[in-house]
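Hi there,

Here is the structure we talked about, with some notes on what turned up in it. Have a look at it first, then read on below.

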Amino acid sequence: MKLSLNWIKDYVEIPNDIELTKLAYDLTMSTVEVEDMLILRKEFDNMVVGVVLEVLPHPNADKLVVCKVDTGDEEIREIVCGGTNLSKNMKVAVARPGSMVRWHGEGDLIEMKKAKVRGVESYGMICASAEIGLFDLFPAESDEIIIDLSAFSAPAGTHLADALGLDDVILEIDNKSLTNRPDLWGHYGMAREFAAIYNLSMKKTIDNETSSNDHAHSQTSITPTPYSLTSTPSFTPTPSFITIDDTTRCSRYIGVEIDGVSTKPAPFEIQSRIWRVGMRPINAIVDITNYVMLATGQPTHAFDSDVISGNIIVRKAADKEKLLLLSGKELTLSTEDLVIADEKEPIALAGVMGGEKDSILPNTKNIILEIASFNALSVRRTAMRHEIRTESSTRFEKNIDPNRCDITLSIAMKLFADVFPDMKVTKYQDNFPVPLEKNEINVSLKWLEKRLGNSIKKEQMLDILDRLGFIADIKNDNMNIIVPSWRSTGDISIADDIVEEILRIHGLERFAETPIVTTFEGAINQPKIDIDRKIREYLAFRCGLQEIFTYPWDNDEYVNAVFPNANEALKLSDPPSPTEANLRYSLIPNLCKATADNLRYLNEFAIFESAMVFSAKEYTSPYDKHESLPLQRRNVAGAIVGTPEDLDNLFRRTKGILEAISDYTHIEPISLKQIEKPIWADNTVWLNV
């Protein structure tokens, strides 16, 4: 996930004296892993706004012109250009000598230098958008169309990053470190985290997301209304037009019908912000919904209300019901899918993607804005079942706080009112049948001190929890803690979570290292573990094989390649993907996959794995005679890989490893015999042991 530091600063005033490297380090050590930082300004080094003073024909080329350009220097520059839309007084992007561009938007970056073009000396280049990485912000029909910056107020010589508001730092966050933090999938949540780390006050933006305690950086609370951020606060209630049939999979649904919008381009600031963090601007309606999602982490969706028949119904799909998605993919649904429907048919796959029928079209004038809360497990299973991954499903499957819909509504309505000042809200409904209950945790102070392993004063603990939005008070030895709603969706639920919160904000580096105290007891005879250890050490240390560890499930592609027509695997009830639905009954398929993956980088290598395989035919009752479990056996498998020309040596090495294994591991000697090689195993040596 990408984050704009400027956007985060909308919500919290991060001191300018905090170096970027320290900012990234502190966030990594306390919250999430920062994988990279992009200083966007550097991407436009030596690029400035130029004003075209004259456009003259090139003396030696019909398709080129010679422009006299004011670039803010002491002298007027001559630049040869092939742009077809150049005109006098036009503002353009000029790549000076020393800047890095992509010629015609293709290939690697090259450094601009002074050069003669058909006999005329040219000072740098007047740029098309694709040549400097701005095509999504300034789309053009061809690379001969020059960026027109005439609408921007920047004078000649202004650094391009300053002219376009691109003087920003982009933080790239490892998504895996965000898995259990749904509150951080937006700039507002990350700003709140920075406020806690550095003990800063959040800016008093309008915010419906409140906690009951009045801590230092609490927000200004307002009453949720559909016009809470517009200049027209009045509102007339409308009849109900939203029904939630399945409240277990949809706990809240806000619908706002807005008339008087259009698909004109969004203001450049909105386009720029969503582009900086990896999304492509489309039109004002879509860009606002994406902007709001990136700001708060709460996905939203806009339907064209003129194509919706009657009311909105949130329901489970009928078996084999059809839905054509925005992407053009037609789905055959099941009752396991949750859909948004009108009174005729489904119009969206809840939490995943909208339908083509209701999509925002070039002539869309009226919309229904959806802000909803869907069950995380339902969204995850639906996305996996239909093999669809979207920005929306990625967030919903983390279990979003339904109270976040309030701040999302406020920001969305503010943006729609600003972009479409003549718009009108004709319908509004907030259907909230299943409010979220905040988690409450009681923990002993003595227990906390023991787990923390360091003496932290109770006042410090209370301060840290307060900065994180928790409500905590102490009576005698007991600390009672009420978890804020944005951390009550599965993230913080037990006392150990409180320990982690205090530790990460207090700073792990502030805890002194202490030796582990343990008592050594007599050795336990575990022959199975001992022999596995000996085999692994023999293969790794004496034979030079690299040990690998793979997942306990198989990929169908490799199972079918190795064991045609085999059907001996246990099925997973909740597989990681549709093609990985079986537990392994052999190590060979995963070993083949690992071999194929490594062959992309190496021509010669040797690998092995020692792991459990699962039987679908044999069962055992190791713990309870009334309980039957699939039999698990430990297998070992290896692959020695080289070129076809070295096949004899590979065979001898493999044979030697197997013949000598009993000497070093004290197992019974292995006997080898020749078998007919399968016709599908070209250049593969198979030894039947």
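**What is inside**

The largest nonpolar core has 89 residues, of which Met190 and Phe194 touch the most other members. Here a nonpolar core is a set of buried Ala, Val, Leu, Ile, Met, Phe, Trp, Tyr and Cys residues joined through side-chain atoms within 4.5 Å, and buried means under 20% relative accessible area with a 1.4 Å probe, protein chains only. Helix H9 (residues 404-419) is the main contributor to this core, giving 10 residues; helices (H or I, at least four residues) and strands (E, at least two) are DSSP runs, numbered from the N terminus. Apart from this core lies another, of 30 residues, including Phe241, Leu323, Ala350 and Phe396.

Please keep in mind that this is a predicted model: local features need pLDDT of at least 70 and side-chain atom pairs count only at pLDDT 80 or more, while totals for chains, interfaces and linings use all residues. Residues are numbered from 1 along each chain as its sequence is written, and side-chain values use heavy atoms, with hydrogens and water left out.

Back to Met190: leaving aside neighbours within four places in sequence, Met190 is in contact (heavy atoms within 4.5 Å) with Met1, Leu3, Ile8, Leu27, Val32, Leu178 and Leu184.

Next, the open spaces. The second largest pocket has a volume of about 750 Å³. A pocket is an open set of points on a 1 Å grid over the protein atoms alone, where a 1.4 Å probe fits, with protein on both sides within 12 Å along at least five of seven lines; lining residues have an atom within 4 Å of a point. The volume is the space filled by probe spheres set on the points, which are joined across faces, edges and corners. This pocket is lined by 33 residues, and Val286, Asn290, Thr300, His301 and Leu326 are the closest to its centre. Helix H6 gives the most to the lining, with 5 residues. By class, the lining has 18 nonpolar, 12 polar and 3 charged residues; Ala, Val, Leu, Ile, Met, Phe, Trp, Tyr, Cys and Pro count as nonpolar, Asp, Glu, Lys and Arg as charged, and the others, Gly among them, as polar.

Lastly, Asn555 sits in the loop between strand E28 (553-554) and helix H14 (556-562). Asn555 is buried, at a relative accessible area of 15%. A polar atom of its side chain lies 2.9 Å from the backbone nitrogen of Glu557.

Best wishes

Technical notes: Buried means under 20% relative accessible area, exposed over 50%, partly exposed in between (1.4 Å probe, protein chains only). A polar contact is a pair of N or O atoms within 3.5 Å; within protein, one must be able to donate a hydrogen and the other to accept it, and residues adjacent in sequence count only if both atoms are side-chain atoms.
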